[in-house]
Amino acid sequence: MAVKKRNKRPGLLSHTRPRIAAKNQLTPSATTVSLSSKATRNLIRSHHQRLKARERAVLAGDKAQVAQIDAQIDANGGLESYQLASKTGQSRERGGDSSTVLLEWIRPLLRRIKQARQQDGSMSSGKLRLLEVGALSTKNACSQHDCIDATRIDLHSQEPGILQQDFMERPLPAADNDNKDRFHAISLSLVLNYVPSAAQRGEMLKRCSAFFTPSPPCLLRDTETKNFAPYLFLVLPAACVLNSRYFNSERLNDIATCLGYSKFKEKVTNKLIYQLWEFRPGSHHNNSNKNKTATIFRKEELNPGKTRNNFTITLNANS
Ligand SMILES: C[S@@+](CC[C@H](N)C(=O)[O-])C[C@H]1O[C@@H](n2cnc3c(N)ncnc32)[C@H](O)[C@@H]1O
């Protein structure tokens with residue numbers, strides 16, 4: 001049996017994560033794209049539960065328990081079968097691809113970019129550069145728009161157009177704003193809830209700001225769009241925000257505000273919360289809440305109740 005390679009550096013997301021199951025470890029149901037809604041939900045839920053249990057075992061230093069949970073995750077097809085289930089959940093019949101909401105919200109901006117590109121008759125006007133973290137497909141709505149230049153990454157790439165990379169280990173871009181490794185928008189659609197610990201979720205949110213760049217050149221020339229600020233597109237299961245003992249909309253707003261974000265759009269459905277944040281550090285027009293000076297957000301009970309879940313995001317913005 002092959003000996004597992006140990007990582008020496010502690011603390012990174014990938015280092016506390018189970019490995020991706022090999023194809024031959026997928027269960028028959030996991031390889032079938034036509035999973036029923038119930039099977040899809042169960043597979044996603046049990047994968048999340050196992051990741052959380054694994055994180056607890058890692059924190060407790062219980063290696064035997066970690067190995068046991070890894071074996072269970074593998075036996076159920078690992079990240080690969082989870083991704084298949086997520087993809088099925090995103091199919092048109094099941095409510096569709098979340099990037100259609102992003103596209104709807106930024107359509108006026110994309111129209112401006114298109115006009116400018118047509119007027120210039122050249123590529124110099126630029127496109128909207130989008131970093132899609134946790135990308136499952138190269139054919140989702142935002143990938144098909146000709147004014148969006150999408151860079152897609154995932155812990156486990158399923159297609160050639162998706163780079164296999166942990167966002168938390170993606171090299172930081174150089175300082176110049178024209179750098180191709182900087183983006184006008186970052187999508188974290190159903191990704192934060194995949195991250196097993198509250199502190200790692202906060203770190204992920206914080207890290208996004210290091211990858212932003214101000215604006216495609218054509219928008220700066222346009223009086224209506226010259227105030228463009230980079231976007232963070234966030235999608236979370238509604239229950240994470242609306243039915244958690246340790247989290248709620250106000251806490252999410254406070255954390256985002258503390259990191260320099262200002263809410264631009266929001267849509268809440270029975271299942272999901274979609275939000276579009278503008279990154280405007282230093283702007284305090286949205287800081288009307290009582291936590292405007294807080295920079296440390298701990299896990300604390302905000303909504304007591306036995307039937308609630310334990311989702312939360314913690315953050316130390318000073319570190
Ligand atoms: C539920 S899927 C969501 C996929 C898609 N964005 C959507 O909205 O349906 C979550 C994906 O996030 C990926 N992911 C989680 N943490 C990540 C990280 N640190 N870097 C890159 N991808 C990550 C997982 O591998 C998984 O494929």
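**Exercise 1.** From which domains does the shell around the ligand draw at least three residues each?

*Solution.* The structure is a predicted model, in which local features need pLDDT of at least 70, side-chain atom pairs count only at pLDDT 80 or more, and totals for chains, interfaces and linings use all residues. Residues are numbered from 1 along each chain as its sequence is written.

Step 1. The ligand is surrounded by 22 residues, a residue being near if its C-beta atom, placed from the backbone, lies within 6 Å of the molecule. The closest are S86, G134, L155, F167 and S189.

Step 2. Two or more residues each come from helix 4 (78–89) and strand 2 (148–154); helix 4 gives the largest share, 3 residues. Helices (H or I, at least four residues) and strands (E, at least two) are DSSP runs, numbered from the N terminus.

Step 3. Domain 1 (13–94) and domain 2 (99–316) each supply at least three residues to the shell, with bounds from an automatic or database domain assignment.

**Exercise 2.** Determine the strand order of the open sheet and identify its edges.

*Solution.* Step 1. The 7 strands follow the order 3-2-1-4-5-7-6, with mixed pairing; two strands pair if DSSP finds at least two bridges between them.

Step 2. Strand 3 (162–164) and strand 6 (261–268) are the edges; each has a single partner strand, so one side of each lacks a neighbour in the sheet.

Step 3. Within the sheet, strand 1 (residues 128–133) runs parallel to strand 4, joined by 4 bridges. In this pair, E132 stands opposite S187 of strand 4.
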